[in-house]
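Please consult the sequence and the structure while reading.

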Amino acid sequence: MISYSLPASKRRRQPLILALLLLIALWSWHSTRSVKATRDEGFYPERYPLAWKHVSLASTRSGAWYIPPEWLDPSEPAPRNILEAAQLAQRLAVKGNHNIPYSKIPLIIHQTWKDTDLVTWKPDVLEGVEKWLTYATAAGNESMAYFLWLDEGCRQLVSGLQPDLAEYVDAMPLMVEKSDVFRILVVKLIGGVYGDVDTLPLRSPASWLDEKDVSAWTDPQTGTTYSTIARGSSVKQPIELILGIEGDNRPDTDDYWRMGYNYPVQLTQWALASAPNHPILKSFVSNFAAMVKEVTRPYEGDPKAIKNALYRVDPIELTGPAAVTLATKEWLEKETGLRWDALTGLVDHGRSKAVGDTLIFPITAFSPGRGKWHGMGSKPITDPDARVLHRAQGSWKRPNLKVEFGKFCRTVFGGCRDWSRVP
Ligand SMILES: *[C@@H]1O[C@H](CO)[C@@H](O)[C@H](O)[C@H]1NC(C)=O
């Protein structure tokens, strides 16, 4: 009766393929699901009073900001846009010495998002922004300035303070790449702490560092000791750049690429902090400009081909965590002789590691609570080392079946090492 049946071998394989497809679908759903809710009017002012007051009601076309009233100086004119406000906060922070203790990093928080309309925000974003603002509006010497940059504000920052990069940032085909470059530029040009809108701070940046974080440490493999004392000097210097580890894997195994990292010890950029003009961030910027130039050179005068060429570049390497890791690694290796993999926390339970004026946090600082499976030494979010929690990962991206398949295949089967991570 059934004349179109498949050969037995194929028939046996069918349920397997179906199960695999289902698994992939579940996997991508799991990594991109969002929560929708409708609320009545009084909900936002009551539940998120600081975001309501300092973001929603304070919003301008370029963004919203809060500068602690006690920082203000009546002789300074009122800023007309977010760039002027950020430059004002920068001057006031220097004048009043409002820095993260042990550092020259100003107590200024930067975030960026596409709008200031709380009604459209996901709960993770609402809670995160409210918490950053709770720390910013704290009483006494722990208060901080806060900036939420809109697209128009990001454009002002680039065209105003880094005009040589404006053309390259405009050329980026993906929103995630513009946001990647923006976070580096804002802490390089203004200084302060950057946190993705879907991060939840667990400790105020004003208390991120203590004596222990800046104490000397030794690479057990080479016996070299590192500290905040610069080469050829005998005085301790303040920290000027803080970066955290997001991927911590043994370099002699496949673990790092199976988990989608480019380096065994890879840095994150969903949270970072810097004083203005750090040379590592300058190096990130020049690497980025050089890479864009190289990728687009063959297509000069053909905007469509340029866009396509840029679209094919992996954003993780062009502007993302791998680009941040490479700039930091090359600079520290060259300037301090650091053995990069010595930064791992797998052999010392994770500790902050100062290398001159640069401080690398262990994985728990910005990636706490990863759990036991592939946790890479990450401790629970209640651990004192935990500073920032990153929640809805990949909120900028849309799921793409090809990309999700690669991720699935690497993680579960340890194959597809060179499968593209871009659509
Ligand atoms: C605030 O003042 C206390 C006491 O002087 C000091 O220990 C702490 O480091 C200060 N915090 C900041 C953020 O300056």
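What distance separates the centres of domain 1 and domain 2? Taken over C-alpha atoms, the two centres lie 24 Å apart. The model discussed here is a predicted one.

## Two domains

The protein is divided into two parts. Domain 1 covers residues 46-201, while domain 2 is made of two stretches, 206-276 and 328-413.

The domains touch each other: 38 residues of domain 1 are in contact with 29 residues of domain 2. Between them, domain 1 and domain 2 bury about 2800 Å², and 62% of this area is on carbon and sulfur atoms.

## The interface

On the side of domain 1 that touches domain 2, at least two residues each come from α5 (123-136), α8 (175-189), β4 (192-195) and β5 (199-201). Helix α8 gives the most to this side, with nine residues. By type, the residues on this side of domain 1 divide into 20 nonpolar, eight polar and ten charged.

Three salt bridges are counted between domain 1 and domain 2. Asp124 forms a salt bridge with Arg391, with the closest N and O atoms 3.6 Å apart. Arg391 also forms a salt bridge with Glu127, and here the closest N and O atoms are 3.1 Å apart. Because Arg391 lies in the loop between β13 (388-390) and α15 (401-413) and Glu127 lies in helix α5, this pair ties together parts that are 264 residues apart in sequence.

How accessible are the two partners, Arg391 and Glu127? Arg391 has a relative accessible area of 22% and is therefore partly exposed. Glu127 also counts as partly exposed, because its relative accessibility is 30%.

## Salt bridges in the whole structure

Side chains of opposite charge can pair when their charged atoms come close. How many salt bridges does a search of the whole structure find? The search finds 17.

One of the salt bridges joins Arg387 and Asp213, whose closest N and O atoms are 3.1 Å apart. Arg387 is in the loop between α14 (363-366) and β13, whereas Asp213 is in the loop between β5 and β6 (217-218).

Glu84 and Arg80 provide another example: their side chains meet in a salt bridge, at 2.5 Å from N to O. Glu84 counts as partly exposed, because its relative accessibility is 24%. Arg80, at 70% relative accessibility, counts as exposed, because this value is over the cut-off of 50%. Salt bridges also link Arg61, Glu152 and Arg155 in a network.

## The surroundings of Asn81

Where does Asn81 lie? Asn81 is found in the loop between β1 (63-66) and α4 (82-96). A polar atom of the Asn81 side chain lies 3.1 Å from the backbone nitrogen of Leu83. Leaving aside residues up to four places away in sequence, Asn81 touches Ser62, Trp65 and Gln156.

Definitions and conventions: Residues are numbered from 1 along each chain as its sequence is written. This is a predicted model: local features need pLDDT of at least 70, side-chain atom pairs count only at pLDDT 80 or more; totals for chains, interfaces and linings use all residues. Side-chain values use heavy atoms; hydrogens and water are left out. Domain bounds come from an automatic or database domain assignment. Contact means heavy atoms within 4.5 Å. Buried area is the accessible area (1.4 Å probe) that two parts lose on being put together, summed over both. A salt bridge is a side-chain nitrogen of Lys or Arg within 4 Å of a carboxyl oxygen of Asp or Glu. Helices (H or I, at least four residues) and strands (E, at least two) are DSSP runs, numbered from the N terminus. Ala, Val, Leu, Ile, Met, Phe, Trp, Tyr, Cys and Pro count as nonpolar, Asp, Glu, Lys and Arg as charged, and the others, Gly among them, as polar. Buried means under 20% relative accessible area, exposed over 50%, partly exposed in between (1.4 Å probe, protein chains only). A polar contact is a pair of N or O atoms within 3.5 Å; within protein, one must be able to donate a hydrogen and the other to accept it, and residues adjacent in sequence count only if both atoms are side-chain atoms.
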